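Work through these exercises with the structure in view. Try each task before you read its solution.

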Amino acid sequence: MATYALPDLPYDYAALEPAITGEILELHHSKHHAAYVKGANDTLEQLEEARAKEQFGGLVGLEKTLAFNLSGHVLHSIFWDNLSPDGGDRPEGELAAAIDEDFGSFEAFSKQLTFATQTVQGSGWGVLGWEPIGKKLIVQQVYDHHGNVGIGSTPLLVFDAWEHAYYLQYRNVRPDYVAKLWTLVDWNDVAARFSAVQG
């Protein structure tokens, strides 16, 4: 039985146009994200088989494969909910206050997350996360799907900078794509995630 499943999007494939075309969104969701879900489930089966046979020689590779696919699934699941055809503007309330406290201003935060997303080496993500030990918001670059992330930090807002997210529409001009993402951010979703991590 599969452990992970591809989530339905909270909007139609064409809902985020013109920032993200329906064709790209459908490919991104139904092909790329689906591949991470399948990869995670397949790897869990392989790990179960290795345990049953007590053959652990390939364990390191399987664990890395699981981390890659599972992280891809988790980050994409957050990404879809972070976006909305009615998004944009800026946060309010406690999230806005925390951004001001931890970054100095919304402008300073947005510039840092924009730069992190635009400059992540190769494929990856720009992430606004909650770091629970220092109890503060931080911006991180995630390489591929699972590197350079503070252990225990929780992603609240994620910007996908893999080429499959934008290249067909924006070619190699990642900054134009990132600028459009800001017009889609569902701050209600980000604020709900922020509230949940403070529990």
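Helices (H or I, at least four residues) and strands (E, at least two) are DSSP runs, numbered from the N terminus. This is a predicted model: local features need pLDDT of at least 70, side-chain atom pairs count only at pLDDT 80 or more, and totals for chains, interfaces and linings use all residues. Residues are numbered from 1 along each chain as its sequence is written, and side-chain values use heavy atoms, with hydrogens and water left out.

**Exercise 1.** Locate H164 and describe its surroundings.

Solution.
- Start with the position: H164 sits in the loop between β3 (154–160) and α5 (167–170).
- Next, check burial. H164 has a relative accessible area of 18%, so it is buried (under 20% relative accessible area; exposed is over 50%, partly exposed in between; 1.4 Å probe, protein chains only).
- Then list contacts (heavy atoms within 4.5 Å). Not counting residues up to four places away in sequence, H164 touches I24, H28, H32, Y36 and H76.
- Finally, look at H28: its side chain makes a polar contact with the side chain of H164 (3.2 Å). Such a contact is a pair of N or O atoms within 3.5 Å; within protein, one must be able to donate a hydrogen and the other to accept it, and residues adjacent in sequence count only if both atoms are side-chain atoms.

**Exercise 2.** Work out which residues of helix α3 (residues 93–103) are buried, and which are exposed.

Solution.
- Buried are L95, A96, A98, I99 and F103.
- Viewed down the axis of α3, these fall within an arc of 160°, so they line one face of the helix. The arc is that of the directions from the helix axis to the C-beta atoms.
- On the other side, G93, E94 and E101 are exposed.
- The cover over the buried residues of α3 includes α4 (106–119), β1 (124–131), β2 (136–143) and α7 (187–198).
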